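Keep the sequence and the 3D view open beside you.

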Amino acid sequence: MKRFQRFRQRMQRNWKKLLMRYLQPGKLRVLPDTLTIELTNRCSLACSCCPNGCDREHSRPQHTLTLDDFQQLLGHIDIPFKKVFLHLHGEPFLAKDLPRIVQLLVQRGVEAFSIFSNAYHIDLSLLEELLAMADRPQLNIAFSAELYDAVTYESIRRPGKFADVWQSLEQIDAVMERYQCDYSVNAIINAEAIDTLKDSVPGVFARLHRMSSLHLSSAFPWPHLPGTGDVAGHLRRRRRICNQIWELPTILSSGEVTMCCSDYRGECIVGSLRDHTFSELMNNREARRFRRNIVLRKAECNAICRDCLIDRHISFSRVVRRRFVEQAKPEVLEKYFAGFNKYFLIDKAIG
């Protein structure tokens, strides 16, 4: 019986590949149930790891989605979504209508929201409005800050100050404590930081009582900006088929829809949600052409894909949880963090 089930699953996978690559290349047969909405492309920081800090002269005009704008767009979202990411190339807490937009999406049946913020002097009243909702959905809130080291933080999160971000996060932590809500912190690390983690990470958890986990990762290489990421020695020899254009369509703050959630310049726009329904845009001529180029190994025909390394990049990522840090012995923590060197001490030649 199990052998038959495995055979059936293998045949289904092969049939899907045949459809995708040869019979219906570029056509999206099952629409995704996850959506990314860019509330704003404005940001309070100009981080060295982000297009907002490295590519300002090429960025799109700054725009923030208002409640009236979103209500107009929502009428053209004609397929159900279970999960929504409310961030992309800006600070979501700069959008004053954030809680009301979440409320509208909850009424549409969205069950879970993910919000990434830099935590830098954000409007705490917006956070309180989110947490105080009577029918509060599942909120996955993460703040990006290198809390383990002042030099690293201030070199990345420019022009942020280490003392200021700590003050902001302690205020956020107090709000989260009142509403009994957890959050996580994302931090970029490099080889120089590994030796300090065993001493600094326990202190971060001790100061932030509602922080459930610390996500440590290498920097992300944005398309056209490989210098934003740690790519030296961490590239596959061959490109893989990138799945972002199938799974993470994005509504930009201007109302335009892009196929790629890394499209900070707006190079793969397939139309505007103000003029068309979402389902129409997902399989229109431009969308099919974009996906067809990917599956037929002609990614260089797409403007955003020409210099993109995401489908070749091998990133580093570890989630350090509170329970592990609080219960592990010092020697265990030291051995755990020392193991990160396997990634960061790879040969620096780009392959």
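**Exercise 1.** In which hand, left or right, does α4 pass α5 in their crossing?

*Solution.* The model is predicted, so local features need pLDDT of at least 70, side-chain atom pairs count only at pLDDT 80 or more, and totals for chains, interfaces and linings use all residues. Residues are numbered from 1 along each chain as its sequence is written, and side-chain values use heavy atoms, leaving out hydrogens and water.

Step 1: α4 crosses α5 in a right-handed way (the near helix is turned clockwise from the far one by less than a right angle).

Step 2: the angle between them is about 20°, and their axes lie 8 Å apart. That makes α4 roughly parallel to α5 (angles under 35 degrees count as such).

Step 3: look for contacts, meaning heavy atoms within 4.5 Å. Leu98, Pro99, Arg100 and Val102 of α4 meet Leu126, Glu129 and Leu130 of α5.

**Exercise 2.** Find the buried residues of α5 and say where they lie on the helix.

*Solution.* Step 1: in α5, residues 124-131, the buried ones are Leu126, Leu127, Leu130 and Leu131 (buried means under 20% relative accessible area, with a 1.4 Å probe and protein chains only).

Step 1: down the axis of α5, they fall within an arc of 135°, so they line one face of the helix.

Step 2: these residues pack against α4 (98-107), β3 (112-117), β4 (138-144) and α7 (162-178).

Terms used
Buried < 20%, exposed > 50% of the residue type's maximum accessible area, 1.4 Å probe, protein only. Helix = DSSP H or I, 4+ residues; strand = E, 2+ residues; numbered from the N terminus. Arc of directions from axis to C-beta. Axes fitted to C-alpha atoms, helices over the stretch in contact; angles between N-to-C directions. Parallel < 35°, antiparallel > 145°, perpendicular 65-115°, else oblique.
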